[in-house]
Amino acid sequence: TPSDYGIIALFALFGQFSSGVLSLGLQSASYRYYFEYKNDNIQDFKILNTSIIIYLFIIFFIGGLTIYFAKNWISATLFSNEINSNLIFISFISGCFEYFITYFTALLTAQLRSSLYSIIIFMRSILRVVIAFYLIFAFSLTYMSLIYAIIITQGILVVVLFIVNKNILTIKFSISLFKKSLKFSYPNVLRLIIGLINSSFDKIMLVKITGVVAPVGYYSIAQKSAYTFKLFKDSIDRSWIPFFMEKAHENKSDSKDKIIERFFEISFIYMLGAFALITFSEELVKLLTTKDFYPAMYMIPLFVIYYSVGIVSSLTIQQIQFSEKTQYILPASILGIITNIILNIIFI
(Lines give C-alpha, C1' and ligand atoms only; values in the text may rest on other atoms or scores of the structure.)
Protein backbone atom coordinates (compact mmCIF):
# COMPACT_ATOMS: atom_id res chain seq x y z
CA THR A 1 0.00 0.00 0.00
CA PRO A 2 1.10 3.66 -0.23
CA SER A 3 1.40 3.67 3.58
CA ASP A 4 3.78 0.69 3.47
CA TYR A 5 5.99 2.49 1.00
CA GLY A 6 5.83 5.56 3.23
CA ILE A 7 7.17 3.56 6.18
CA ILE A 8 9.97 2.12 4.02
CA ALA A 9 10.88 5.64 2.85
CA LEU A 10 11.07 6.91 6.44
CA PHE A 11 13.11 3.85 7.41
CA ALA A 12 15.69 4.62 4.71
CA LEU A 13 15.62 8.32 5.53
CA PHE A 14 16.66 8.08 9.18
CA GLY A 15 19.50 5.62 8.58
CA GLN A 16 20.91 7.68 5.76
CA PHE A 17 20.71 10.91 7.75
CA SER A 18 22.20 9.64 11.03
CA SER A 19 25.07 7.65 9.50
CA GLY A 20 25.81 10.44 7.02
CA VAL A 21 26.21 13.05 9.76
CA LEU A 22 28.43 10.82 11.92
CA SER A 23 30.70 9.96 8.96
CA LEU A 24 31.80 13.62 8.62
CA GLY A 25 31.96 13.18 4.85
CA LEU A 26 35.24 11.26 5.08
CA GLN A 27 34.39 9.16 2.03
CA SER A 28 35.15 12.19 -0.16
CA ALA A 29 38.63 12.41 1.39
CA SER A 30 39.52 8.77 0.70
CA TYR A 31 38.33 9.14 -2.89
CA ARG A 32 40.22 12.40 -3.43
CA TYR A 33 43.54 11.19 -2.01
CA TYR A 34 43.47 7.87 -3.82
CA PHE A 35 44.34 9.70 -7.05
CA GLU A 36 47.09 11.65 -5.32
CA TYR A 37 48.75 8.64 -3.66
CA LYS A 38 48.04 5.75 -6.00
CA ASN A 39 51.20 5.98 -8.11
CA ASP A 40 54.00 6.84 -5.71
CA ASN A 41 52.61 6.57 -2.17
CA ILE A 42 50.06 3.77 -2.22
CA GLN A 43 51.18 2.59 1.25
CA ASP A 44 50.31 6.02 2.67
CA PHE A 45 46.88 5.76 1.09
CA LYS A 46 46.35 2.34 2.67
CA ILE A 47 47.12 3.83 6.09
CA LEU A 48 44.89 6.84 5.43
CA ASN A 49 42.06 4.61 4.22
CA THR A 50 42.38 2.27 7.21
CA SER A 51 42.46 5.21 9.63
CA ILE A 52 39.14 6.44 8.22
CA ILE A 53 37.59 2.96 8.45
CA ILE A 54 38.66 2.59 12.09
CA TYR A 55 37.10 5.96 12.92
CA LEU A 56 33.86 4.95 11.19
CA PHE A 57 33.64 1.70 13.18
CA ILE A 58 34.14 3.55 16.47
CA ILE A 59 31.73 6.42 15.75
CA PHE A 60 29.03 4.13 14.34
CA PHE A 61 29.26 1.92 17.46
CA ILE A 62 28.87 4.93 19.77
CA GLY A 63 26.07 6.32 17.61
CA GLY A 64 24.30 2.94 17.62
CA LEU A 65 24.31 2.76 21.41
CA THR A 66 22.94 6.28 21.67
CA ILE A 67 20.16 5.66 19.16
CA TYR A 68 19.22 2.34 20.79
CA PHE A 69 18.46 4.06 24.09
CA ALA A 70 16.80 7.07 22.44
CA LYS A 71 14.75 5.19 19.81
CA ASN A 72 11.36 5.74 21.51
CA TRP A 73 11.97 9.47 21.81
CA ILE A 74 13.14 9.69 18.18
CA SER A 75 10.07 7.81 16.92
CA ALA A 76 7.71 10.11 18.83
CA THR A 77 9.51 13.37 18.09
CA LEU A 78 10.45 12.99 14.44
CA PHE A 79 7.86 10.56 13.10
CA SER A 80 4.83 10.99 15.41
CA ASN A 81 5.10 7.26 16.27
CA GLU A 82 4.13 6.40 12.69
CA ILE A 83 7.08 3.99 12.52
CA ASN A 84 7.96 1.46 15.20
CA SER A 85 10.78 2.48 17.56
CA ASN A 86 12.62 -0.79 16.84
CA LEU A 87 12.75 0.22 13.19
CA ILE A 88 14.67 3.33 14.23
CA PHE A 89 17.59 1.25 15.48
CA ILE A 90 17.44 -1.15 12.50
CA SER A 91 17.36 1.90 10.23
CA PHE A 92 20.59 3.20 11.74
CA ILE A 93 22.32 -0.17 11.19
CA SER A 94 21.08 -0.16 7.60
CA GLY A 95 22.40 3.38 7.15
CA CYS A 96 25.84 2.36 8.42
CA PHE A 97 25.92 -0.63 6.08
CA GLU A 98 24.89 1.60 3.19
CA TYR A 99 27.63 4.09 3.98
CA PHE A 100 30.29 1.36 3.85
CA ILE A 101 28.82 0.11 0.57
CA THR A 102 28.98 3.60 -0.93
CA TYR A 103 32.48 4.09 0.47
CA PHE A 104 33.95 0.92 -1.01
CA THR A 105 32.10 0.93 -4.33
CA ALA A 106 33.42 4.47 -4.93
CA LEU A 107 36.94 3.17 -4.38
CA LEU A 108 36.26 0.31 -6.80
CA THR A 109 35.42 2.81 -9.52
CA ALA A 110 38.47 4.89 -8.61
CA GLN A 111 40.57 1.75 -9.19
CA LEU A 112 38.79 1.29 -12.55
CA ARG A 113 37.45 -2.12 -11.44
CA SER A 114 34.18 -1.46 -13.23
CA SER A 115 33.43 -5.11 -14.04
CA LEU A 116 33.64 -6.10 -10.37
CA TYR A 117 31.52 -3.08 -9.45
CA SER A 118 28.86 -4.14 -11.96
CA ILE A 119 28.79 -7.70 -10.63
CA ILE A 120 28.36 -6.50 -7.05
CA ILE A 121 25.55 -4.08 -7.92
CA PHE A 122 23.79 -6.74 -10.00
CA MET A 123 24.19 -9.28 -7.20
CA ARG A 124 22.73 -6.75 -4.76
CA SER A 125 19.60 -6.22 -6.84
CA ILE A 126 18.95 -9.92 -7.40
CA LEU A 127 19.66 -10.92 -3.80
CA ARG A 128 17.38 -8.24 -2.37
CA VAL A 129 14.49 -9.22 -4.63
CA VAL A 130 14.89 -12.96 -3.95
CA ILE A 131 14.98 -12.48 -0.16
CA ALA A 132 12.03 -10.09 -0.22
CA PHE A 133 9.84 -12.47 -2.26
CA TYR A 134 10.80 -15.38 -0.04
CA LEU A 135 9.79 -13.49 3.10
CA ILE A 136 6.52 -12.36 1.47
CA PHE A 137 5.42 -15.83 0.38
CA ALA A 138 6.94 -17.91 3.21
CA PHE A 139 6.02 -15.67 6.16
CA SER A 140 3.26 -13.40 4.74
CA LEU A 141 5.25 -10.29 5.63
CA THR A 142 4.40 -6.96 4.03
CA TYR A 143 6.77 -3.99 4.14
CA MET A 144 8.98 -5.77 6.69
CA SER A 145 9.94 -8.27 3.99
CA LEU A 146 11.65 -5.51 2.03
CA ILE A 147 13.27 -4.03 5.15
CA TYR A 148 14.73 -7.40 6.17
CA ALA A 149 15.81 -8.04 2.57
CA ILE A 150 17.56 -4.67 2.44
CA ILE A 151 19.55 -5.13 5.64
CA ILE A 152 20.49 -8.79 4.98
CA THR A 153 21.70 -7.89 1.48
CA GLN A 154 23.63 -4.91 2.82
CA GLY A 155 25.37 -7.07 5.44
CA ILE A 156 26.48 -9.59 2.83
CA LEU A 157 27.74 -6.85 0.50
CA VAL A 158 29.74 -5.12 3.24
CA VAL A 159 31.63 -8.36 3.90
CA VAL A 160 32.22 -8.92 0.17
CA LEU A 161 33.42 -5.34 -0.34
CA PHE A 162 35.86 -5.55 2.56
CA ILE A 163 37.35 -8.66 1.00
CA VAL A 164 37.67 -7.28 -2.55
CA ASN A 165 39.16 -4.00 -1.24
CA LYS A 166 41.73 -5.64 1.05
CA ASN A 167 44.45 -4.49 -1.36
CA ILE A 168 43.95 -0.88 -0.17
CA LEU A 169 43.73 -1.70 3.55
CA THR A 170 46.39 -2.29 6.16
CA ILE A 171 46.56 -2.64 9.96
CA LYS A 172 48.09 0.77 10.75
CA PHE A 173 46.42 3.91 12.07
CA SER A 174 47.89 7.36 11.46
CA ILE A 175 46.68 10.39 13.40
CA SER A 176 48.41 12.78 10.98
CA LEU A 177 46.82 11.22 7.88
CA PHE A 178 43.44 11.09 9.60
CA LYS A 179 43.77 14.79 10.44
CA LYS A 180 44.60 15.45 6.79
CA SER A 181 41.44 13.59 5.73
CA LEU A 182 39.38 15.46 8.30
CA LYS A 183 40.79 18.81 7.18
CA PHE A 184 39.71 18.05 3.64
CA SER A 185 36.29 16.67 4.52
CA TYR A 186 35.07 18.95 7.31
CA PRO A 187 34.04 21.80 4.97
CA ASN A 188 31.85 19.18 3.29
CA VAL A 189 30.09 18.30 6.56
CA LEU A 190 27.75 21.29 6.52
CA ARG A 191 27.03 20.65 2.84
CA LEU A 192 26.39 16.99 3.67
CA ILE A 193 24.00 17.89 6.48
CA ILE A 194 22.25 20.40 4.23
CA GLY A 195 21.86 17.76 1.53
CA LEU A 196 20.44 15.27 4.03
CA ILE A 197 18.01 17.86 5.36
CA ASN A 198 17.01 18.66 1.78
CA SER A 199 16.16 15.01 1.18
CA SER A 200 14.39 14.40 4.49
CA PHE A 201 12.72 17.59 5.71
CA ASP A 202 9.80 17.31 3.30
CA LYS A 203 8.99 13.72 4.29
CA ILE A 204 9.18 14.48 8.01
CA MET A 205 6.98 17.56 7.54
CA LEU A 206 4.38 15.49 5.67
CA VAL A 207 4.17 12.99 8.51
CA LYS A 208 4.18 15.59 11.30
CA ILE A 209 1.49 17.79 9.74
CA THR A 210 -0.80 15.27 8.02
CA GLY A 211 -0.38 12.54 10.64
CA VAL A 212 -0.38 9.80 7.96
CA VAL A 213 2.36 8.20 5.88
CA ALA A 214 0.41 7.59 2.64
CA PRO A 215 1.55 10.90 1.05
CA VAL A 216 5.12 9.86 1.75
CA GLY A 217 4.27 6.61 -0.05
CA TYR A 218 3.22 8.48 -3.21
CA TYR A 219 6.40 10.49 -2.91
CA SER A 220 8.45 7.29 -2.57
CA ILE A 221 6.80 5.57 -5.56
CA ALA A 222 7.44 8.59 -7.77
CA GLN A 223 11.03 8.68 -6.60
CA LYS A 224 11.49 4.98 -7.31
CA SER A 225 9.93 5.36 -10.77
CA ALA A 226 12.48 8.05 -11.55
CA TYR A 227 15.20 5.98 -9.89
CA THR A 228 16.23 4.31 -13.15
CA PHE A 229 17.17 7.76 -14.34
CA LYS A 230 19.12 8.37 -11.13
CA LEU A 231 20.97 5.08 -11.69
CA PHE A 232 21.88 6.35 -15.13
CA LYS A 233 23.13 9.56 -13.52
CA ASP A 234 25.11 7.67 -10.86
CA SER A 235 26.68 5.43 -13.50
CA ILE A 236 27.80 8.50 -15.43
CA ASP A 237 29.21 10.01 -12.23
CA ARG A 238 31.23 6.87 -11.53
CA SER A 239 32.87 7.05 -14.94
CA TRP A 240 33.09 10.84 -15.12
CA ILE A 241 34.82 11.40 -11.75
CA PRO A 242 37.82 9.09 -12.38
CA PHE A 243 38.12 10.53 -15.91
CA PHE A 244 38.08 14.09 -14.56
CA MET A 245 40.59 13.36 -11.78
CA GLU A 246 42.98 11.60 -14.16
CA LYS A 247 42.90 14.45 -16.70
CA ALA A 248 43.02 17.16 -14.04
CA HIS A 249 46.15 15.66 -12.50
CA GLU A 250 47.82 15.67 -15.91
CA ASN A 251 47.47 19.48 -15.86
CA LYS A 252 47.79 19.90 -19.62
CA SER A 253 45.86 22.13 -22.00
CA ASP A 254 44.86 19.13 -24.12
CA SER A 255 43.56 17.35 -21.02
CA LYS A 256 41.38 20.33 -20.10
CA ASP A 257 39.92 20.38 -23.61
CA LYS A 258 39.03 16.70 -23.29
CA ILE A 259 37.28 17.37 -19.97
CA ILE A 260 35.16 20.11 -21.55
CA GLU A 261 34.32 17.95 -24.58
CA ARG A 262 33.28 15.00 -22.39
CA PHE A 263 31.21 17.36 -20.19
CA PHE A 264 29.02 18.45 -23.10
CA GLU A 265 28.68 14.91 -24.46
CA ILE A 266 27.47 13.59 -21.09
CA SER A 267 25.12 16.55 -20.56
CA PHE A 268 23.44 15.98 -23.93
CA ILE A 269 22.90 12.24 -23.35
CA TYR A 270 21.64 12.94 -19.85
CA MET A 271 19.09 15.54 -20.90
CA LEU A 272 17.85 13.34 -23.76
CA GLY A 273 17.19 10.53 -21.27
CA ALA A 274 15.35 12.93 -18.97
CA PHE A 275 13.08 14.06 -21.81
CA ALA A 276 12.22 10.44 -22.69
CA LEU A 277 11.33 9.49 -19.12
CA ILE A 278 9.16 12.57 -18.58
CA THR A 279 7.32 11.87 -21.85
CA PHE A 280 6.28 8.37 -20.78
CA SER A 281 5.94 8.85 -17.00
CA GLU A 282 2.13 8.42 -17.00
CA GLU A 283 2.30 5.17 -18.95
CA LEU A 284 5.04 3.93 -16.63
CA VAL A 285 2.88 4.32 -13.51
CA LYS A 286 -0.22 2.79 -15.11
CA LEU A 287 1.76 -0.20 -16.37
CA LEU A 288 3.64 -1.00 -13.15
CA THR A 289 1.23 -0.04 -10.35
CA THR A 290 -2.45 -0.01 -9.36
CA LYS A 291 -4.92 2.88 -9.15
CA ASP A 292 -3.94 3.48 -5.53
CA PHE A 293 -0.61 4.81 -6.77
CA TYR A 294 -1.79 6.93 -9.72
CA PRO A 295 -1.20 10.25 -7.89
CA ALA A 296 2.50 9.46 -8.15
CA MET A 297 2.46 9.98 -11.93
CA TYR A 298 2.28 13.74 -11.44
CA MET A 299 5.42 13.73 -9.30
CA ILE A 300 7.71 11.72 -11.59
CA PRO A 301 8.43 14.61 -14.02
CA LEU A 302 9.36 16.78 -11.02
CA PHE A 303 11.85 14.19 -9.79
CA VAL A 304 13.36 13.83 -13.25
CA ILE A 305 13.71 17.61 -13.57
CA TYR A 306 15.33 17.65 -10.12
CA TYR A 307 17.86 15.01 -11.17
CA SER A 308 18.42 16.81 -14.47
CA VAL A 309 19.29 20.08 -12.80
CA GLY A 310 21.58 18.07 -10.54
CA ILE A 311 23.72 17.14 -13.54
CA VAL A 312 25.31 20.59 -13.40
CA SER A 313 26.31 20.06 -9.79
CA SER A 314 27.47 16.45 -10.13
CA LEU A 315 29.62 17.15 -13.20
CA THR A 316 31.17 20.43 -12.04
CA ILE A 317 31.63 19.80 -8.32
CA GLN A 318 34.82 17.87 -9.10
CA GLN A 319 36.58 21.13 -9.97
CA ILE A 320 36.12 22.32 -6.40
CA GLN A 321 37.03 18.90 -4.96
CA PHE A 322 40.23 18.84 -7.02
CA SER A 323 41.25 22.33 -5.90
CA GLU A 324 40.49 21.36 -2.25
CA LYS A 325 38.51 24.62 -1.87
CA THR A 326 35.41 22.88 -0.60
CA GLN A 327 34.36 25.87 1.50
CA TYR A 328 33.07 27.53 -1.68
CA ILE A 329 30.32 24.91 -1.90
CA LEU A 330 28.62 26.18 1.25
CA PRO A 331 26.91 29.43 0.09
CA ALA A 332 24.82 27.72 -2.59
CA SER A 333 24.01 24.85 -0.22
CA ILE A 334 22.87 27.20 2.54
CA LEU A 335 20.68 29.15 0.10
CA GLY A 336 19.23 25.88 -1.17
CA ILE A 337 18.26 24.58 2.27
CA ILE A 338 16.66 27.90 3.31
CA THR A 339 14.61 27.97 0.12
CA ASN A 340 13.64 24.31 0.51
CA ILE A 341 12.44 24.69 4.11
CA ILE A 342 10.46 27.86 3.38
CA LEU A 343 8.71 26.38 0.34
CA ASN A 344 7.93 23.10 2.17
CA ILE A 345 6.31 25.00 5.04
CA ILE A 346 4.28 27.15 2.63
CA PHE A 347 3.09 24.33 0.35
CA ILE A 348 2.44 21.68 3.00
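Axes are lines fitted to C-alpha atoms, for helices over the stretch in contact, and angles run from 0 to 180 degrees between N-to-C directions. Helices are DSSP runs (H or I, at least four residues), numbered from the N terminus. This is a predicted model, in which local features need pLDDT of at least 70, side-chain atom pairs count only at pLDDT 80 or more, and totals for chains, interfaces and linings use all residues. Residues are numbered from 1 along each chain as its sequence is written, and side-chain values use heavy atoms, with hydrogens and water left out.

The two pairs are set side by side below.

| Pair | Axis distance | Angle |
|---|---|---|
| Helix 1 (residues 2-23) and helix 6 (residues 143-164) | within 9 Å | roughly 25° |
| Helix 9 and helix 12 | 10 Å | about 20° |

Helix 1 is therefore roughly parallel to helix 6, a term used for angles under 35 degrees. Contact (heavy atoms within 4.5 Å) is made by Asp4, Ile7, Ile8 and Phe11 of helix 1 with Tyr143, Leu146 and Ile147 of helix 6.

Helix 9 and helix 12 are likewise roughly parallel to each other. Among the residues in their contact are Trp240 and Phe244 of helix 9 and Tyr307 and Leu315 of helix 12.

After helix 9 comes Asn251, with a positive phi near 55°.

Technical notes
Helices (H or I, at least four residues) and strands (E, at least two) are DSSP runs, numbered from the N terminus. Angles under 35 degrees count as roughly parallel, over 145 as roughly antiparallel, 65 to 115 as roughly perpendicular and the rest as oblique.
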